[in-house]
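Let's take a walk through a protein together, starting with the whole and ending with single residues.

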Amino acid sequence: MRAQSSATEPTSIAVSGPAAGPATTAPASHRLGTVQAALGVVAFSLTFPATAWGLEGFGPWALVAVRSVLAAAMAGSCLLFLRVRLPERRHRAGLAVVAAGVVLGFPMLTTLALETSTTSHAAVVVGLLPLTTALFSALRTGVRPSRTFWAAALAGAAAVLAFTVTQSGGAFTTADGYLFGALVVCAAGYTEGGRLARVMPGWQVIGWALVLCLPLTLPAAVVALSYEPVVWNAHGIAGVLWVAAGSQFLGLMVWYRGMATIGIPKASQLQLAQPLLTLVWSVLLLGEHLTVAAPLTAAAVLVCIAVTQRSRS
């Protein structure tokens with residue numbers, strides 16, 4: 001078995017030679033972390049449309065279980081091929097939180113919500129997720145962002161929430177209950193995953209979380225597939241493949257890496273753009289229609305992102 005190298009930790013800064021110093025390396029590392037977190041957001045923005053596609057071929061329980069099993073197979077194969085040793089005992093509780101939040105809880109609750117909710121309404125969750133993640137981070141890690149940071153985060157969350165709630169009519173439904181529950185468990189999983197990504201590569205954080213769930217998700221997939229009808233069509237297959245590979249594994253891999261580099265609160269604010277990206281995908285992939293409020297909300301969100309990224313933690 002090969003031990004994990006500390007050089008893979010996102011907080012490490014390698015210096016080689018007199019020309020390489022923290023003044024030049026740190027900004028480059030921060031830019032890379034921002035790009036990685038942004039790629040994660042793009043991957044996540046496709047989750048709800050892909051889930052809607054997946055529900056055209058699979059039942060909700062089968063979709064959640066199958067996506068987790070497929071993602072665990074990819075992650076487990078990488079862990080075995082690279083001969084990554086088991087995580088230390090002190091990290092296993094954190095991995096369990098990641099597994100409960102982003103592998104099981106969020107996919108299950110949002111999939112159940114999307115049975116009766118549109119993707120634009122479900123965007124309420126990701127609109128509030130950056131603020132919730134920052135709150136969890138402050139409680140868990142002791143990081144205290146500035147007042148400017150909080151003001152911009154609250155303004156951005158309010159803009160996204162107002163937009164998405166207006167589009168859905170503002171009525172509280174069972175789907176809303178699922179969505180708000182998903183918001184809480186996902187924020188906890190993001191926070192713990194971002195903390196763990198400081199001591200192990202981001203792909204190993206989500207990889208071990210997926211493998212940890214396999215004893216539950218594999219039998220669940222077998223049972224769900226036997227009870228829920230499956231319709232083999234292009235949308236269903238494409239949807240389940242994306243939520244497994246893009247949302248559940250690759251997206252979380254770069255997301256945790258980015259969070260570890262630029263900090264959990266700042267990375268979480270990049271998700272303010274996610275609801276608007278989801279709405280764009282909804283138009284292109286699902287045929288949903290946008291209102292004139294979309295560009296106005298986009299402008300407000302981009303301003304808030306710029307402020308949060310420049311404010312000091």
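Begin with how the chain links up with itself. Take the contacts in the protein between residues at least 6 apart in sequence: 91% of these join residues at least 24 apart. Keep in mind as you look that this is a predicted model.

The protein has 12 helices and zero strands.

Of the 313 residues in the protein, 50% are buried. The accessible surface comes to about 14,000 Å², and carbon and sulfur atoms account for 70% of that surface.

Let's zoom in on one pair of helices. Find helix α8, which covers residues 202-227, and helix α9, which covers residues 234-262. How do they pack? Their axes are 7 Å apart, and the angle between the helices is about 135 degrees. An angle over 145 degrees would count as roughly antiparallel, and 65 to 115 as roughly perpendicular; α8 and α9 are therefore oblique to each other. The crossing in which α8 passes α9 is right-handed.

Which residues make this contact? On the α8 side they are G202, W203, V205, I206, G207 and L210, while α9 brings in Q248, F249, L252, M253, Y256 and R257.

Is R257 buried, exposed or in between? Buried means under 20% relative accessible area and exposed means over 50%, so R257, at 25% relative accessibility, counts as partly exposed. R257 and Q36 are 221 residues apart in sequence, but their C-alpha atoms are 6.8 Å apart in space.

For a last stop, move to S117. Where is S117 placed? You will find S117 in the loop between α4 (89-114) and α5 (119-141). With a relative accessibility of 12%, S117 counts as buried, because the cut-off for buried is under 20%. Leaving aside residues up to four places away in sequence, S117 touches A122 and A175.

Methods:
Residues numbered from 1 in each chain as written. Predicted model: local features only at pLDDT ≥ 70, side-chain atom pairs only at ≥ 80, totals over all residues. Heavy atoms only, no water. Helix = DSSP H or I, 4+ residues; strand = E, 2+ residues; numbered from the N terminus. Buried < 20%, exposed > 50% of the residue type's maximum accessible area, 1.4 Å probe, protein only. Contact = heavy atoms within 4.5 Å. Areas by Shrake-Rupley, 256 points an atom, 1.4 Å probe, with all protein chains shown as cover. Axes fitted to C-alpha atoms, helices over the stretch in contact; angles between N-to-C directions. Parallel < 35°, antiparallel > 145°, perpendicular 65-115°, else oblique. Left-handed = near helix turned anticlockwise from the far one by under 90°.
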